[in-house]
Structures are given as structure tokens and as C-alpha cells.
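Subject: Structure handover

Hello,

Here is the structure you will be working with. Please open it first, then read my notes below.

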Amino acid sequence: MHVYINDFGQHVGEEVQVKGWLYNKRSKGKIHFLQIRDGTGIVQGVMRLGTVPDEAFEAAKRMGQESSIIVTGEVKEDARAPSGFELGVTALEVMQEVHEYPIALQEHGPDFLLSHRHLWLRSKKQAAIMRIRNRVSMAIRQFFDDRGFTLLDTPMFTPAACEGTTTLFEVDYFEDAKAYLTQSGQLYAEAGALALGKVYTFGPVFRAEKSKTRRHLTEFWMIEPEVAYADLDDIMDLAEAFICHIVQDVLAKNRSDLEDLERDISKLEAIKAPFPRISFDEAHELLLELGVQHAAGDDFGAPDETALGDHFGMPVMIHRWPKEIKSFYMKRDPENENYVLGVDVIGPEGSGELIGGSQREEDLDLLLSRIRAEGLPEEAFEWYIDLRRFGSVPHSGFGLGLERTLGWICGREHIRECIPFPRMLHRIYP
Ligand code: 4AD
Ligand code: MG
């Protein structure tokens with residue numbers, strides 16, 4: 001009977017079939033130790049000369065890493081094994097004997113691995129990240145569904161920029177027309193919130209970022225809740241509960257994946273509400289106290305974010321930003337017109353900005369003046385401006401970067417490992 005490795009617990013003492021691939025092999029005269037992987041886990045199969053047909057023993061001697069194999073054997077409990085089980089092999093069928101698999105288990109450079117991403121995904125850590133990515137996606141959908149949000153799928157082709165014009169990918173859209181790949185579903189989510197009350201988007205977004213940092217992709221996934229009648233504080237509460245829920249769910253269900261990644265789990269266990277909330281000006285003061293140079297009014301760079309995240313060891317919410325460094329749609333702070341009601345959530349351990357969000361400008365005239373001041377094409381935004389003409393209400397939302405969040409949870413230096421096939425400056429293969 002075919003059994004997946006992660007179901008071995010229900011089959012102790014039974015003879016089962018594992019359908020998978022050879023991950024690694026060690027041989028000692030009359031015995032082969034086969035590390036077998038099947039996508040759900042890795043188990044050691046012990047094959048002894050005499051307990052399997054001679055041809056099977058010889059085939060096992062020849063086969064190299066990533067040979068595809070069907071292995072029959074008895075499931076045995078083994079406290080010393082990382083999986084908790086061992087397979088006493090009785091038969092082996094080799095589907096394809098492989099030699100010279102390009103990715104050996106020892107270290108390769110990042111360029112080589114990225115060029116072999118289609119194979120690199122088979123290695124233990126990469127598979128663990130993909131399982132955690134799946135978990136986080138499920139946790140996100142669950143979180144919003146439990147709170148009565150409606151998932152709203154927003155378009156990828158758009159007529160205008162949401163997050164400024166410098167990072168747009170332009171595409172030919174039939175005769176004469178230009179379209180842009182979306183940088184964010186937010187503007188459409190706002191229309192959705194005024195129709196449905198509480199919505200969220202979950203999809204890929206595109207940014208022609210020329211930056212080659214460890215936190216930037218040109219295609220990444222964003223989750224953007226948008227809530228009618230919510231203010232900045234409401235949305236900060238939501239962001240806090242959201243991050244806690246994601247971390248808790250991974251801790252509860254993907255512990256062995258975190259262990260495979262050698263993640264310091266105690267750092268994730270420490271993540272609990274409330275998160276510190278400080279204004280942009282307070283964050284500036286704090287940086288100076290920490291001995292980090294930061295010019296008043298400047299956006300935070302990676303070193304600033306890392307210093308703030310390290311200082312708190314917890315996601316920190318920074319609110320009320322100078323309007324010059326934030327987007328046109330953010331609501332003017334009623335207490336200081338040079339500021340807007342935006343919030344960034346900076347993650348700990350150098351993970352950088354996980355969330356950007358704000359209360360939106362609901363006043364028609366103020367929004368129009370921001371659109372004009374930034375020289376944005378008013379015609380393309382007509383539909384969006386309509387939202388301020390017909391039943392405008394206070395509303396707020398934010399966007400969480402999926403790969404940034406995974407980079408933090410999985411403890412990866414570079415977020416390119418957190419998406420199956422990363423797209424970056426100078427890389428679009430495989
Ligand atoms: O701060 P951003 O640009 O916010 C928006 O796009 C808003 N429209 C969201 C909203 O209010 N609905 O991007 C949101 C998040 C960032 O905090 C970061 O986590 C991620 O998206 N992000 C990137 N992730 C990977 N590669 C990039 N180039 C990214 N740019 C932003
Ligand atoms: Mg941002």
C-alpha cells in the first residue's frame with residue numbers, strides 16, 4: 001500500500017510502499033542506508049543484503065542522488081531518527097536511475113542554485129520554505145474569512161500607477177494603448193470596501209525596482225485588506241492581530257519545517273501583541289539615541305529598519321509620516337498638515353518593512369489637490385475619484401508582503417528563497 005512519509009505514524013509495523021526519490025545514500029558492505037524523500041518528508045530506509053533480491057541490492061549500489069524509486073518495507077519506530085521512523089526495506093523498484101545530479105548536497109553558490117531553481121526546490125530547506133509558504137497563505141485566508149472579509153481579486157493590467165510612477169512595468173495593450181502591471185490592488189480594494197464593507201486582495205504585484213537588495217523582488221505577492229469606516233488605529237489593531245495569527249499558525253503546524261531550517265523558534269514564540277507603536281518623529285529620535293545617523297524627514301533605509309527592528313525584537317508600528325515620502329492617497333493628519341496617517345510595520349531580525357498601510361484621504365478636494373500636486377493623470381483616476389463623490393467614508397487598509405514575511409518567519413537572509421521561482425533585476429530564468 002502506498003503511504004506518504006508524514007503518515008508513517010499510522011502504519012507502524014505494516015509493510016508499505018514509499019514513492020519518491022533518493023535524497024542521499026551511505027553504504028557499508030552488506031548494508032545500504034537510503035535517505036528517501038517523497039515531498040512530505042525524508043525517511044531512512046535500511047536495506048540488507050539477503051533480505052532483498054540481489055538485483056535490488058545491486059541497483060541500490062548503482063543509483064545516484066535523485067533517482068526516482070518505489071521502496072517497499074516495514075515501518076519501524078526509531079526514536080533516534082529525525083522523522084521518528086525507519087523503513088526496513090524488502091523491495092526496490094528503480095523508475096529512473098540518475099547519475100551526476102547537478103545539485104550535490106554540499107554547498108553551491110547562489111547563482112548556480114538560482115539557475116537550477118527547478119531542482120533546488122527538492123532540497124530539504126527549500127521544500128520546508130514552500131510548505132511554510134503554503135501554511136501562511138492558508139492562515140491568511142482563514143484569518144480574513146473568520147472576520148467576515150470578502151476576497152476581491154483585482155486586475156493585473158491597470159491604466160495608472162498606485163505607488164508612484166518610477167517602478168512601473170509598461171506593456172503594449174492592443175492598438176495605441178499602454179497598460180501597466182499592477183504595483184498594488186489597493187485602489188480597487190477601496191472600491192470593493194465601499195461595496196462590501198471589508199475586503200482583501202491576495203495576488204502577485206510587480207515593481208520595476210532597479211535595487212538589488214536582499215528584500216526586493218520584481219514580482220511578489222501582496223495581501224491587502226481594506227475596511228470601510230476604519231481609522232488608522234483600527235487598521236493597526238488588525239495588522240497586529242494578523243501577524244500574530246500567522247506566526248502562531250506556523251508554530252502550531254510547521255514546527256518540523258522550522259527545525260529543518262534551523263530557525264531559532266524561541267524568537268518566533270516571543271511574538272505577542274501588543275506591538276510597540278511609535279510615530280515617525282519618535283522613530284527618528286530613537287535612531288539618533290541608538291547612534292544611527294538619520295536625517296530628519298528622510299525615509300528609512302535598510303540599516304535604519306534593521307536598527308529599529310533589533311531594538312524592539314518585535315514588529316514595530318511606525319505611524320504619522322511626512323507627506324513628501326508617502327503616497328498621494330494617504331489621509332492628511334488633522335493635527336499636522338505636513339504629515340499623513342500612514343503606518344509601516346517593521347519586522348525584527350533585519351526582516352525590514354513587512355507592511356505598509358494608511359487611512360485613506362476621503363475628502364474629494366484634498367484628494368484632487370494631491371493628485372494634481374503629484375502630476376498624476378487625472379483621467380485615469382476618474383473612477384477612483386468617484387469613490388469620493390458617491391458615499392465617501394473614512395476607510396483604511398494595508399498591504400503585507402508575503403515573501404518579506406516568509407523571509408522573517410523562515411529566517412532567510414534573502415527573500416528570493418521564499419517564492420518558488422523568483423523574479424529579480426537580471427533574473428527571469430528558469
Ligand atoms: O509599502 P507598499 O508599497 O504599500 C502598498 O503597496 C500599499 N498600496 C498597500 C496598501 O495600503 N494596501 O508595499 C506593501 C508591502 C511592503 O511593506 C513590503 O512588505 C512589500 O509590500 N514589498 C515588497 N516585497 C518584495 N519586493 C519588493 N520589491 C517589495 N516592495 C514592497
Ligand atoms: Mg512601503
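Pro274 sits in the loop between α8 (265–269) and β12 (277–279). A cis peptide bond joins Pro274 to Ala273, with omega at about 0°. Please keep in mind that this is a predicted model.

There is another cis bond to look up. This one joins Tyr429 and Pro430, and omega is again about 0°. Pro430 belongs to the segment after α13.

One more backbone detail is worth a look. Phe174 is not a glycine, yet its phi is positive, at about 55°. You will find Phe174 in the loop between β8 (170–173) and β9 (177–181).

**The ligand**

Now turn to ligand 1. Where does ligand 1 sit? Ligand 1 is in the largest pocket. The elements that give two or more residues to the shell around the ligand are β11 (219–228), β16 (352–359) and β17 (395–401). The largest share comes from β16, with five residues.

The shell around ligand 1 counts 24 residues. Those that come nearest are Glu163, Gln186, Arg207, Glu224 and Glu353. By class, the shell is made up of eight nonpolar, eight polar and eight charged residues.

Which atoms of the ligand pair up with the protein?

- Ser184: an N or O atom in the side chain is 3.0 Å from a nitrogen atom of ligand 1.
- Gly356: a backbone N or O atom is 3.4 Å from an oxygen atom of ligand 1.
- Arg360: an N or O atom in the side chain is 3.0 Å from an oxygen atom of ligand 1.

How much of the accessible area of ligand 1 does the protein cover? On its own, ligand 1 has 630 Å² of accessible area, and the protein covers 94% of that.

**The pockets**

A word on the idea behind this part. Rolling a probe the size of a water molecule over the atoms shows where empty space is left.

Start with the largest pocket, where ligand 1 sits. This pocket holds about 1,200 Å³ of space. Its lining has 47 residues, and Glu163, Arg207, Glu209, Lys326 and Glu353 are the closest to its centre. Glu163, Arg207 and Glu353 are also among the residues that come nearest to ligand 1.

β16 gives the largest share, six residues. The lining divides into 13 nonpolar, 16 polar and 18 charged residues.

Next comes the second largest pocket, with about 860 Å³ of space. It is lined by 35 residues. Nearest its centre are Thr40, Gly41, Ile42, Ser83 and Asp260. The elements that each supply at least two lining residues are β1 (15–28), β2 (31–37), β3 (42–48), β5 (85–96), α4 (124–146) and α7 (255–260). By class, this lining has 10 nonpolar, 12 polar and 13 charged residues.

**The cavities**

How many cavities of 30 Å³ or more does the structure hold? There are three. I will describe two of them.

The largest cavity has about 100 Å³ of space. Fifteen residues line it, and the closest to its centre are Thr158, Ala160, Cys162, Leu187 and Tyr188. What classes make up this lining? It has 11 nonpolar residues, four polar and no charged.

The second largest cavity has about 50 Å³ of space. Strand β15 (residues 336–347) gives the most, with three residues. By class, the lining of this second cavity has three nonpolar, no polar and five charged residues.

**Where to begin**

Start with ligand 1 in the largest pocket. Find β16, which gives the largest share of the shell around the ligand and the largest share of the pocket lining. Then look at the largest cavity, whose lining has no charged residues. Finish with the cis bonds at Pro274 and Pro430.

Best wishes

Conventions:
Residues numbered from 1 in each chain as written. Chains lettered and ligands numbered in written order. Predicted model: local features only at pLDDT ≥ 70, side-chain atom pairs only at ≥ 80, totals over all residues. Heavy atoms only, no water. Near = heavy atom within 4 Å. Polar contact = N/O pair within 3.5 Å; in protein donor to acceptor, adjacent residues only side chain to side chain. Areas by Shrake-Rupley, 256 points an atom, 1.4 Å probe, with all protein chains shown as cover. 1 Å grid on protein atoms, 1.4 Å probe; cavity = no way out; pocket = protein on both sides within 12 Å on 5 of 7 lines; lining within 4 Å. Sits in = over half its atoms within 2 Å of the grid points. Helix = DSSP H or I, 4+ residues; strand = E, 2+ residues; numbered from the N terminus. Nonpolar A, V, L, I, M, F, W, Y, C, P; charged D, E, K, R; others polar. Points joined across faces, edges and corners; volume = space filled by probe spheres on them.
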